[in-house]
Amino acid sequence: MATTETTTPERGLIALPGSAARVLIAIGAIATIASTFMSWTYTSDFPGDLTYYGSPAGLQVLDIVAGALTLLFALTLWNVRGLGWLNPAGATQPVVLAAASAFAVSWFSAIAIAVDLKGLVALDPGAYLAAVGSLVALLGTLALPKPGDTLKDYLTKAELIPPAAKLTGWAERLVITAATAVALIVFNYGIGVDPDASETFLGYLLLVVFGAWALLTAGLFDRFAQLNARHKGFATSMAFLAAAAFPFVANNEHNSNLGVNILVVATVALGLNIVVGLTGLLDLGYVAFLGVGAYAAALVSGSEFSRFSGVQFPFWAAMLTGMAASLVFGVLIGAPTLRLRGDYLAIVTLGFGEIFRIAVNNLDGTSGPNLTNGPNGISMIPDLDIFGFNFGAEHSILGFALGRFANYFLLMLLITGIVVVVFNRAADSRIGRSWIAIREDETAATAMGINGFRVKLIAFALGASLAGLAGTVSAHVGYSVNPAPYQFAGSVPPNSAFLLAAVVLGGMGTVNGPILGATLLYLLPEKLSFLKEYELLAFGIALVILMRFRPEGIIANRRRQLEFHESDETPVHIPEQGLPDSTVGVTKAGA
């Protein structure tokens, strides 16, 4: 039985009429946008050269986006025709977060200029206008009335967001295409920021975090997820097309090098996700399987420093060799150890990772057989040549000159696509459901007839072979392999702690999660070079914050999200669309 009750929304933190609050937000947003066309500092010493009038650059470009986002969300409070899709719930929290993005970027910019250039005297009128305008907009949002129920609970439930207007199939595909293009532009801007311009990248992070948070609370991510579910094949194709366009859009070898390394780590993380995310086995030595694949490929690569220098396999054979070697090691390690559970299994896998690193370090002909050339590793690995296409040479495609790392990026993207298909097929198969059953309750799964040992061994072997596949490419990309990176933790990825963090940060049991996690963990240290020896400290703090506020990861698996939040109260108040300072109708469903 359903009952309906009416509640009056609470006043905001600042006692102002709702109409005045909306005006303040709009004025502040417009002032923020206008400030970017003015000079923010008198000298070009600050990254981005913010000295020109009428020519936004660096942090000013980010402030334009933040101000525009704030203005658009503010206009939704007036029910402006054509903007209903931006804030379908008519909620106030997305407006607050959009204004917070403008405030964060503006004030961070002003403080950074003052600190870097030794005083407030370095600030020009544009910086002051941005600070004041963004503050006015934020104060305006704090005066908005709040709905009767907690907006946080309301907006985290996708089923309570009003349904989207029915679109034709081609229109929905157009929306997916546009969203993918925007994601490519955002990623390309971030990866293209000069590593020496840490201030610009920090401003970019502030904008992305608050902007994405605003879109999430507005329900747009939920709607986009529904579109993806209805057009899964098309959405996946668009995502890979956007990734393939990256070397052409960011026509820069440094960025392509970052991209190919991110894909290598993401592919290995997807393999680990089978073990950790789907099966629930904590593997702390997983990077060893990447090393096995890399060393196996290096030994048959034709390198003059290889123990088998006269042997040079074609790439497909080297790829299968790396996968097979990792698969064998996965079975050899898994067979005697997978009868253990929990912390005991984690300790054994950690030991395996260290044994591998020490073993390849000692197989130098002195401490042991001459196989891996010890700490010097195997160097001068030749570039791949597939069907006459030399990956080490520059090629012109569609008028774009693609260098060595761009070539390897496209190859690694193809391999990542294969791994994604394998992951999806495995997760949706009978064995995938067995993995999930083992993860949820191994005792109950065994009682229902699932052979727990066999199922876990298959997961271990499959994950190991996928890591070995990525290792075959990484050996050729880096020209050499050596024991140094294959450790549990370190400041230079990949290492086992880094891979595990990518899975946990991105979202266990998902496809997009490990890819996003690997991207963030690889890109942030590259761009925030000022952290230097404090990278691991910042990394640990970030993980603690994530575990506190979103333990299911950034991209949450629905099942795991319900597990982590099963004690949360289900919201019962659903605000109707309309002006935020009007009376809100609330529907409460009951039995």
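Predicted model: local features only at pLDDT ≥ 70, side-chain atom pairs only at ≥ 80, totals over all residues.
Entry 1, helix 6. I compared the length of helix 6 (residues 169–191) with expectation: at 1.5 Å a residue its 23 residues should span 33 Å, and the end C-alpha atoms are 33 Å apart, which agrees. I then listed its buried residues, which are A171, E172, I176, T180, L184, G190 and I191. Looking for what covers them, I found that the cover includes helix 7 (198–218), helix 8 (220–230), helix 9 (232–249), helix 10 (253–278) and helix 19 (512–527).

I noted a nonpolar surface patch of about 420 Å², made by W107, I111, V115, L135 and L139. Helix 3 (93–116) and helix 4 (125–142) each supply at least two of its residues, and the largest share, 3 residues, comes from helix 3.

Next I looked at D383 and R404, where the closest N and O atoms are 2.8 Å apart. D383 lies in the loop between helix 13 and strand 2 (385–386) and R404 in helix 14 (residues 404–428), so this pair ties together parts that are 21 residues apart in sequence. D383 is partly exposed, at 22%, whereas R404 is buried, at 7%.

Last, I checked E442 and K456, which form a salt bridge at 3.0 Å between the closest N and O atoms. E442 is buried, with a relative accessible area of 15%, and K456 is buried at 1%.

Key. Residues numbered from 1 in each chain as written. Heavy atoms only, no water. Helix = DSSP H or I, 4+ residues; strand = E, 2+ residues; numbered from the N terminus. Expected span 1.5 Å × (residues − 1). Buried < 20%, exposed > 50% of the residue type's maximum accessible area, 1.4 Å probe, protein only. Contact = heavy atoms within 4.5 Å. Patch = residues over 30% accessible without salt bridge, like charges linked within 9 Å, V, L, I, M, F, W, Y side chains within 5 Å. Areas by Shrake-Rupley, 256 points an atom, 1.4 Å probe, with all protein chains shown as cover. Salt bridge = Lys/Arg side-chain N within 4 Å of Asp/Glu carboxyl O.
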